[in-house]
Every structure is written in C-alpha cells, then in structure tokens.
Amino acid sequence: ISSQGAVLPNAAQNTSSSLKSVYTMVDYCPLQDSSIPCPDAGMAFSRGDLLEVVDQSDRRWWQARKLL
C-alpha cells in the first residue's frame with residue numbers, strides 16, 4: 001500500500017504531542033468537506049484505516065499518511 005500525505009480535521013480538544021497513529025472511525029472524502037481549506041491537499045480514507053500522524057503543529061488540522 002502506498003502512503004500519501006493528508007490534512008485531517010482535528011476534532012479533539014486535548015491532544016498529546018506523543019500521538020503517532022490513529023485508526024479512523026468514519027469514512028472521509030475531502031472533496032465533500034466544505035471546511036477543508038484546500039480539498040486537493042486532503043486524503044480520503046475509510047473506517048478502520050490506520051493513519052500515522054506526522055504533524056500536529058496546526059491546532060485545527062493534522063497531517064498524516066496512510067499506513068493500512
């Protein structure tokens with residue numbers, strides 16, 4: 001499986017800087033999300049995908065890549 005970069009909405013209020021990976025709980029399509037600043041920078045994923053969080057520096061959007 002090839003890994004791709006993504007911009008993910010940060011729904012959590014309290015985040016840990018040690019967070020490295022997450023399993024997704026929902027299907028997501030950036031082209032259907034009106035709140036994403038640049039839909040072309042987003043990455044679609046399906047429920048149950050494993051994402052590695054690579055950057056949490058933005059309070060609202062995380063960058064990640066797909067692992068599974």
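Biologist: What makes the side chain of Asp-58 and the backbone nitrogen of Arg-60 a polar contact?

Modeller: In this predicted model, the Asp-58 side chain reaches that nitrogen at 2.7 Å, and the cut-off for a pair of N or O atoms is within 3.5 Å. So 2.7 Å passes.

Biologist: Where does Asp-58 sit, and why is it called partly exposed?

Modeller: Asp-58 is in the loop between β3 and β4 (61-66). Its relative accessibility is 40%. Buried would need under 20% and exposed over 50%, so Asp-58 lands in between.

Biologist: OK, on to the rings. How many aromatic pairs are there?

Modeller: One. Tyr-28 and Phe-45 make it up.

Biologist: How do you know that Tyr-28 and Phe-45 are stacked?

Modeller: You describe a pair of aromatic rings by the distance of the centres and the angle of the planes. Here the centres are 5.3 Å apart, and pairing needs them within 6.5 Å. The planes are 25 degrees apart, and under 30 counts as stacked.

Biologist: What does the pair tie together?

Modeller: Both Tyr-28 and Phe-45 lie in the loop between β2 (21-23) and β3 (50-55), so the pair links parts that are 17 residues apart in sequence. Tyr-28 and Phe-45 are both buried.

Biologist: And which elements does the whole chain have?

Modeller: Four strands and zero helices, running β-β-β-β from the N terminus. Of its 68 residues, 29% count as buried.

Technical notes:
Residues are numbered from 1 along each chain as its sequence is written. This is a predicted model: local features need pLDDT of at least 70, side-chain atom pairs count only at pLDDT 80 or more; totals for chains, interfaces and linings use all residues. Side-chain values use heavy atoms; hydrogens and water are left out. Rings of Phe, Tyr and Trp (its six-membered ring) pair if their centres lie within 6.5 Å; planes under 30 degrees apart count as stacked, over 60 as edge-to-face and the rest as tilted. Helices (H or I, at least four residues) and strands (E, at least two) are DSSP runs, numbered from the N terminus. Buried means under 20% relative accessible area, exposed over 50%, partly exposed in between (1.4 Å probe, protein chains only). A polar contact is a pair of N or O atoms within 3.5 Å; within protein, one must be able to donate a hydrogen and the other to accept it, and residues adjacent in sequence count only if both atoms are side-chain atoms.
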